Amino acid sequence: MNFYACIIGSEILNGRRVDKHFDFLKNELQKYGHELFASFVIKDDENLIKKTYNFIKDDADSVMFSFGGIGATPDDLTRAVAAEVFTAKPLQRHKKFEQDILERFGNDAYPHRIHMADLPQNSQLLFNPINNMSGFSLQDRYFFTPGFPEMSHPMLCAVIEKFFSKSVKKHRRTLLAQTSENTLINIMKEIPKDIELSSLPMLRDARASVEISLCSMDATYVEKYFHLFENFLKKENINYDLI
């Protein structure tokens with residue numbers, strides 16, 4: 001599974017609000033051994049939202065958590081765009097959500113709030129423990145929540161626990177070598193594509209150093225290729241620390 005975050009809000013990009021969704025989602029997924037594949041922070045722009053959703057939909061392994069834009073104001077575009085991209089059908093009034101809105105707001109549900117119940121067809125509601133104004137999901141893999149962290153985060157805690165709580169254990173080996181990353185590039189080229197390789201250059205006491213990290217679900221596999229770095233560093237008398 002490839003987990004995507006789509007954080008919609010011009011107010012984040014122009015500095016009027018600080019994003020709180022990325023860290024939350026990253027940490028919540030990590031509880032179960034998952035990690036984000038990509039994260040987008042985008043404006044309240046219909047074409048941009050559409051392009052971003054289509055990009056994610058084109059990944060057959062995608063799971064998306066979308067934040068913001070599901071209200072009833074003119075800049076709330078998520079519901080209509082989601083319907084177009086993920087169902088290719090018009091919005092449809094969700095009867096249960098309609099009743100929830102009427103129970104909460106009565107006559108004040110009209111003329112605007114009631115439209116929050118116009119959802120992509122075959123949407124499933126995501127319970128909002130704060131005020132029962134639901135988010136929604138499609139195909140158990142695309143999840144749409146409000147921009148308010150107080151509402152969206154409890155929703156997604158429940159979603160992740162329900163659908164993605166099967167823990168994935170990964171094995172990581174990391175070292176910090178007192179050399180430039182250029183010294184290790186030939187070994188890096190030997191690492192198979194199905195092992196996650198990270199090379200982070202840095203300066204320590206004004207001297208070049210590099211942090212090398214390998215990660216895979218197969219511990220033996222990781223050890224095999226991690227030893228390539230260790231053996232080379234020992235051969236070249238380059239100091240390194242395991243971290």
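The model is predicted, so local features need pLDDT of at least 70 and side-chain atom pairs count only at pLDDT 80 or more, while totals for chains, interfaces and linings use all residues. Residues are numbered from 1 along each chain as its sequence is written, and side-chain values use heavy atoms, with hydrogens and water left out.

**The nonpolar cores**

- A nonpolar core is a set of buried Ala, Val, Leu, Ile, Met, Phe, Trp, Tyr and Cys residues joined through side-chain atoms within 4.5 Å. Buried means under 20% relative accessible area, exposed means over 50%, and partly exposed lies in between (1.4 Å probe, protein chains only).
- The largest nonpolar core has 26 residues, and those touching the most other members are Ile49, Tyr53, Met64, Phe86, Phe97, Ile101 and Phe144.
- Two or more residues of this core come from each of strand 1 (2–8), helix 3 (46–57), helix 4 (78–86), helix 5 (95–105), strand 7 (135–138) and strand 8 (142–145). Helices (H or I, at least four residues) and strands (E, at least two) are DSSP runs, numbered from the N terminus.
- Helix 4 gives the most to this core, with four residues.
- There is also a second, separate core of 19 residues, including Phe65, Leu126, Phe143 and Met155.
- Leaving aside residues up to four places away in sequence, phenylalanine 97 touches Met116, Ala117, Leu119, Leu125, Asn132, Met133 and Ser134. Contact here means heavy atoms within 4.5 Å.

**Helix 3 meets helix 4**

- Two packed helices are described by the angle between their axes and the distance between the axes.
- The axes of helix 3 and helix 4 come within 10 Å and cross at roughly 40°. Axes are lines fitted to C-alpha atoms, for helices over the stretch in contact, and angles run from 0 to 180 degrees between N-to-C directions.
- Helix 3 and helix 4 are therefore oblique to each other. Angles under 35 degrees count as roughly parallel, over 145 as roughly antiparallel, 65 to 115 as roughly perpendicular and the rest as oblique.
- On the helix 3 side, Glu46, Ile49, Lys50, Tyr53, Asn54 and Lys57 meet Thr78, Val81, Ala82, Glu84, Val85 and Phe86 of helix 4.

**Two partly exposed residues**

- Phenylalanine 105 belongs to helix 5 and is partly exposed, at 23% relative accessible area. Not counting residues up to four places away in sequence, phenylalanine 105 touches Arg113 and Met133.
- Phenylalanine 105 and histidine 34 are 71 residues apart along the chain, and their C-alpha atoms are separated by 39 Å.
- Arginine 204 sits in strand 10 (residues 196–204) and is partly exposed, with a relative accessible area of 37%.
- Beyond residues up to four places away in sequence, arginine 204 touches Leu176, Ser209 and Asp241. A distance of 8.5 Å separates the C-alpha atoms of arginine 204 and glutamine 178, which are 26 residues apart along the chain.

**Backbone details to look for**

- Most residues other than glycine have a negative phi, and most peptide bonds are trans.
- The peptide bond from tyrosine 110 to proline 111 is cis, with omega near 5°. Proline 111 lies in the loop between helix 5 and strand 5 (118–119).
- Glutamine 139 is not a glycine, yet has a positive phi of about 60°. You can find glutamine 139 in the loop between strand 7 and strand 8, where it is exposed at 51% relative accessible area.
- Alanine 206 has a positive phi too, near 65°. This alanine 206 is in the loop between strand 10 and strand 11 (207–216) and counts as exposed, at 71% relative accessibility.
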